[in-house]
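This report describes selected local features of a model, moving from backbone geometry to helix packing and then to a pocket.

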Amino acid sequence: MKDFKYCFVYITVENFKQAEIIAELAIKKKLCACANIFPEIHSMFEWKGKINLEKETVLILKTTEDKFNILEKLISEKHTYETPCILKLDITNGNKKFLNWIEKTIV
C-alpha cells in the first residue's frame with residue numbers, strides 16, 4: 001500500500017462563485033476529496049505600491065500531496081487573479097479515519 005501524505009490547499013479567490021467552480025471541478029476530477037468555502041473574509045495587502053483592503057473568499061481543498069501539482073495547475077487556469085494565493089499545508093498527522101477517507105475518495 002502506498003504511503004500517502006495529505007494536505008490542505010488554501011486558496012483565496014475573488015468570490016463564492018469562483019470558489020464553487022474550482023471546488024466542483026477539483027472534486028469531479030478526483031483531485032480533492034472535499035472543499036470548505038468561507039464566503040467572506042477581509043484581506044489587507046500591498047499590491048503595486050498601494051495598501052488594499054478587499055473582500056475575498058477562502059477555499060480549502062483536502063487532498064494528497066501527489067495530486068497537488070495537477071490541482072495547482074487547474075486552480076491557476078481557472079483563477080482570476082494575476083498572482084493567486086495557492087498554499088499547500090501538510091495535514092499528514094491528522095485524524096487517520098478522515099485521512100483514509102480522503103485517500104479512498106480520490107484514488
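## Loop residues with positive phi

K30 lies in the loop between α1 and β2, and in this predicted model K30 has a positive phi of about 60° although it is not a glycine. Most residues other than glycine have a negative phi. The relative accessible area of K30 is 41%, and K30 is therefore classed as partly exposed, since that class lies between the limits of 20% and 50%.

A second residue of this kind is K48, placed in the loop between β2 and β3, where K48 has a positive phi of about 55°, again without being a glycine. K48 counts as exposed because its relative accessibility is 68%, the exposed class being defined as over 50%.

## Packing of the two helices

Helix α1, covering residues 16-28, and helix α2, covering residues 68-78, have axes that come within 10 Å of each other and cross at roughly 145°. The crossing of α1 and α2 is right-handed. On the α1 side the contact is made by Q18, I22, L25 and A26, which meet L71, L74, I75 and K78 of α2. Sorted by class, this contact of α1 with α2 holds six nonpolar residues, one polar residue and one charged residue.

## K78 at the helix contact

K78 belongs to helix α2, and, when residues up to four places away in sequence are not counted, K78 touches Q18, I22 and L25, which are among the α1 residues that take part in the contact with α2. K78 counts as partly exposed because its relative accessibility is 41%. Between K78 and I41 there are 37 residues of separation in sequence, and their C-alpha atoms are 20 Å apart in space.

## The largest pocket

The volume of the largest pocket is about 290 Å³, and its lining consists of T12, S43, F45, E46, W47, E54, E56, Y81, E82, T83, P84 and C85. Two elements, β2 (34-47) and β3 (50-64), each give two or more residues to this lining, and of the elements β2 gives the most, with four residues.

In terms of residue class, the lining of the largest pocket divides into five nonpolar, three polar and four charged residues. Among the lining residues are the glutamates E46, E54, E56 and E82, and glutamate is one of the residue types counted as charged.

Technical notes: Residues are numbered from 1 along each chain as its sequence is written. This is a predicted model: local features need pLDDT of at least 70, side-chain atom pairs count only at pLDDT 80 or more; totals for chains, interfaces and linings use all residues. Side-chain values use heavy atoms; hydrogens and water are left out. Axes are lines fitted to C-alpha atoms, for helices over the stretch in contact, and angles run from 0 to 180 degrees between N-to-C directions. A crossing is left-handed if the near helix is turned anticlockwise from the far one by less than a right angle, and right-handed if clockwise. Contact means heavy atoms within 4.5 Å. On a 1 Å grid over the protein atoms alone, a cavity is a set of points where a 1.4 Å probe fits but cannot get out, and a pocket is an open set with protein on both sides within 12 Å along at least five of seven lines; lining residues have an atom within 4 Å of a point. Grid points are joined across faces, edges and corners, and a volume is the space filled by probe spheres set on the points. Buried means under 20% relative accessible area, exposed over 50%, partly exposed in between (1.4 Å probe, protein chains only).
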